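Dear colleague,

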Amino acid sequence: MKKSFWFGIAAVLVTCSNFAHAFEIYPLSDTQRCSSISEAGLVPVLDKVIYANPGAKDPALDNEKVTALLMGGFGIWKSKFEAANDIILKQEPSVLCIGLVYDAINKPNASAFQKTHIVFGVNFLTTLLHRPGIDSNAALKVTMAHEFSHFLQNRHGLVFEYKLPMLSVKMKELHADCMAGYLLSIGQNLNDQEFQKAQHYLSFIADAHIVGDHGIASQRREAFLYGRNAAVIALNTGHSELNTTSGDIIFACKNKYSWTR
Ligand SMILES: [Zn+2]
């Protein structure tokens with residue numbers, strides 16, 4: 001066999017191995033790509049609509065519409081970081097699964113886990129969208145940015161190690177609030193009025209007591225504002241929205257909410 005043939009094969013293999021899978025966002029209904037959700041003990045919502053109770057006529061939540069809305073929102077950040085050539089989106093598995101799960105009424109929640117999933121509890125989302133006095137649009141944006149920040153923290157392998165375990169959790173949460181403030185200043189931007197509404201929502205969901213794991217209202221607002229200010233400073237000193245990477249954001253927020261990895 002000619003030597004050039006083997007060189008040719010080798011070149012093809014190298015090219016293939018360099019050609020990482022494109023990062024994609026999938027709905028939880030893609031049970032093949034998003035199958036690991038069951039390992040986390042979560043039950044995905046696969047019905048098209050969700051009814052408040054058996055026999056109810058009007059759906060409480062249109063799963064298909066909400067999932068499409070969430071995928072579109074996260075897709076904006078995906079495109080942004082892809083354009084900035086962010087290494088974090090070149091990691092395997094190159095998948096982010098998005099969707100709704102069944103959460104307990106007394107423990108409504110949203111979460112990011114396994115470097116590949118961001119899920120929203122049905123009860124959590126229903127309350128967020130219908131709570132009087134809360135701007136649902138601002139609340140949804142903050143929640144998405146907060147969970148996307150956890151996704152990025154997980155992908156970067158950040159560790160928050162403080163002497164008190166509860167403080168470690170709180171610092172991770174405040175770091176995510178800080179990142180959310182940054183993210184919402186470089187994509188899906190909040191104007192000043194929306195920013196105030198977002199701050200109001202953060203106060204609403206904050207811990208009631210200093211001994212909590214997410215931070216009291218003033219701490220959550222401060223973290224969110226810190227991230228927003230860091231973004232403004234970065235944009236005024238040579239960074240552009242187009243070349244900001246997730247690395248820039250985790251480091252900007254590290255100045256106040258320190259981590260290792
Ligand atoms: Zn969180």
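Buried residues account for 35% of the 261 residues in the protein; please keep in mind while reading that this is a predicted model.

As for overall dimensions, the C-alpha atoms fill a box of roughly 75 × 50 × 35 Å when taken along the principal axes. The radius of gyration is 20 Å, which agrees with the value near 18 Å that a compact globule would have with 261 residues.

The protein contains 8 helices and 6 strands, and from the N terminus on these elements follow the order α-β-β-β-α-β-β-β-α-α-α-α-α-α. Of the contacts between residues at least 6 apart in sequence, 67% join residues that are at least 24 apart.

Turning to the domains, the protein is divided into domain 1, covering 20-130, and domain 2, covering 136-261, and the C-alpha centres of the two lie 20 Å apart. Where they touch, domain 1 contributes 19 residues to the contact and domain 2 contributes 21 residues.

On the side of domain 1 that touches domain 2, at least two residues each come from α2 (63-83), β5 (110-113) and α3 (122-130), and it is α2 that gives the most, with 8 residues.

With best regards

Terms used: Residues are numbered from 1 along each chain as its sequence is written. This is a predicted model: local features need pLDDT of at least 70, side-chain atom pairs count only at pLDDT 80 or more; totals for chains, interfaces and linings use all residues. Helices (H or I, at least four residues) and strands (E, at least two) are DSSP runs, numbered from the N terminus. The radius of gyration is taken over C-alpha atoms; the globule rule is 2.2 Å times the number of residues to the power 0.38. A residue is buried if 20 or more other C-beta atoms lie within 10 Å of its own, exposed if 12 or fewer, and partly exposed in between; C-beta atoms are placed from the backbone. Two residues are in contact if their C-beta atoms, placed from the backbone, lie within 7 Å. Domain bounds come from an automatic or database domain assignment.
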